[in-house]
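Welcome, and please open the structure in your viewer. We will take a short walk through it, one selection at a time.

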Amino acid sequence: MTTETTKKTEVGSYFVANYPPFSAWSPDYAEQVTERLNGAPANAAPVGLYAHIPFCRKRCKFCYFRVYTDKTKTDRDRYLDALGKEWELLGQCPVLGGRPLNFIYVGGGTPSALNEQQITTFGELLRKHWSWDDVEEFTFECEPGTLTEDKVQLIRDIGVTRLSLGVENFSDEVLKENGRAHLSPEVYTAYDWIRARDFSQVNIDLISGMVGETEANWKDSVRRAIELSPSSVTIYQMELPFNTVYSKGVLSDGEDSGVADWPTKRRWVRYAFEQLAEAGYAQSSAYTMAKPGERAGFVYRDALWHGADMIGTGVASFGYVQGAHMQNLDSFGPYVESCERGELPIYRGYSSTAHQQLVREMILQMKLGKLDGAPFSEKFGVDIFDRFADGFQALEREGMLTRENGGIRLTDEGFLQVDACLPRFYEPEHQRVRYT
Ligand code: SF4
């Protein structure tokens, strides 16, 4: 096996978010997952909360998330009620046992699609159901065109410390072609409001290789992102997971998706990283460059990749508690109705072995750019460079990593294609299977 993906962007998922792959999870594990929630915690891992807000103004043509564009105010109010009920039920689970939250991440969908009253209600429900004192970071994803000045203030007022703005690209033609709801003037208007509030961190997301992207336009987007001077810039390489509008066109009619090929996307990300480095940013992960300093961390990412428990709440959300993976019911009605009945809305899960937990943490931490063996020896009693010697040697031969002080460090090329490097560490039954 090599890291080389086909050059063309084919339909399928390359981005590695978890292990074992989601396709291995099953409703058959739901009972084991419930048992895990009802047991005492076996370790003192930090615990965080993810809340999914599944509403968007429009469906982007590359989107594969569970989102709704047709829900009314009444539907959204009902959803928030259901979320509150889910939090109440989870709060009674012995595994959480009053453990204080370390981080909160509100994603979607578009959390900022909630109206002002709903954002206030969301904040009140959070404070009602969760202990707040130890929260180090509270992230809230925003779509520029959904923001108002009052909303930005409310988002700050409910305690958000890290605002993540989904810019994706600064060209209105590219944004329109890819089905985004916002255009670039809305980015600038929203950014002025955001800058005027005291958020500890503001992150901007960009996507390399969107349909219609050109070399000149990409360079312009990178320049404009740097001009805004956010705390961090996160860049994803555009993919074609199953179920996106673009992927369906490719699968049903053999259309060319128009998404840039992998070498082009990597070249563009490399360019962006170089420009960001020149502007004083430092590599924070395979996707993110951050301004160094006390505000450079990303607690949600780092905790999750080091094995923290994360309670996933909301429709179709993913969670991880004491080695058990879980996903909620993945459509609106069944999710809301389950919460209203007073039942946890768990749909499927996976009870991972100690080896699988080790693989998960190891591959996720590789995305940070380096691995040291000692923490794994301490936590799992395993020398990872011995157990996975073949995989690391192969990546070294392919120029994806170098050895350093007994550990490994990704090369620039390794950073750019880290997701293609990781499946080689999977168990045989999880290799070459559909990921999602
Ligand atoms: S804004 Fe985000 S979640 Fe909503 S449709 Fe677009 S990509 Fe999907």
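Predicted model: local features only at pLDDT ≥ 70, side-chain atom pairs only at ≥ 80, totals over all residues.

Stop 1: Colour residues 1-20 together with 354-436 as domain 1, and residues 25-303 as domain 2. Their C-alpha centres are 24 Å apart. Where they meet, domain 1 supplies 18 residues and domain 2 supplies 20. Now pick out helix α16, residues 412-416: with three residues, α16 gives the most to the side of domain 1 that touches domain 2. That side of domain 1 is made up of seven nonpolar, six polar and five charged residues.

**Stop 2: helix α7.** Next, select residues 215-228, the 14 residues of α7. From first C-alpha to last, α7 reaches 20 Å, close to the 20 Å expected at 1.5 Å a residue.

Which residues of α7 are buried? Show the side chains of Trp218, Ser221, Val222 and Ala225 to see them. Turn the view to look down the axis of α7: these buried residues fall within an arc of 100°, so they line one face of the helix. Residues three or four places apart in an α-helix point the same way, because there are 3.6 residues a turn.

**Last stop: Ser229.** Step just past the end of α7 to Ser229, which takes a positive phi of about 60°.

Key
Residues numbered from 1 in each chain as written. Domains from an automatic or database assignment. Contact = placed C-beta atoms within 7 Å. Helix = DSSP H or I, 4+ residues; strand = E, 2+ residues; numbered from the N terminus. Nonpolar A, V, L, I, M, F, W, Y, C, P; charged D, E, K, R; others polar. Expected span 1.5 Å × (residues − 1). Buried ≥ 20, exposed ≤ 12 C-beta atoms within 10 Å, placed from the backbone. Arc of directions from axis to C-beta.
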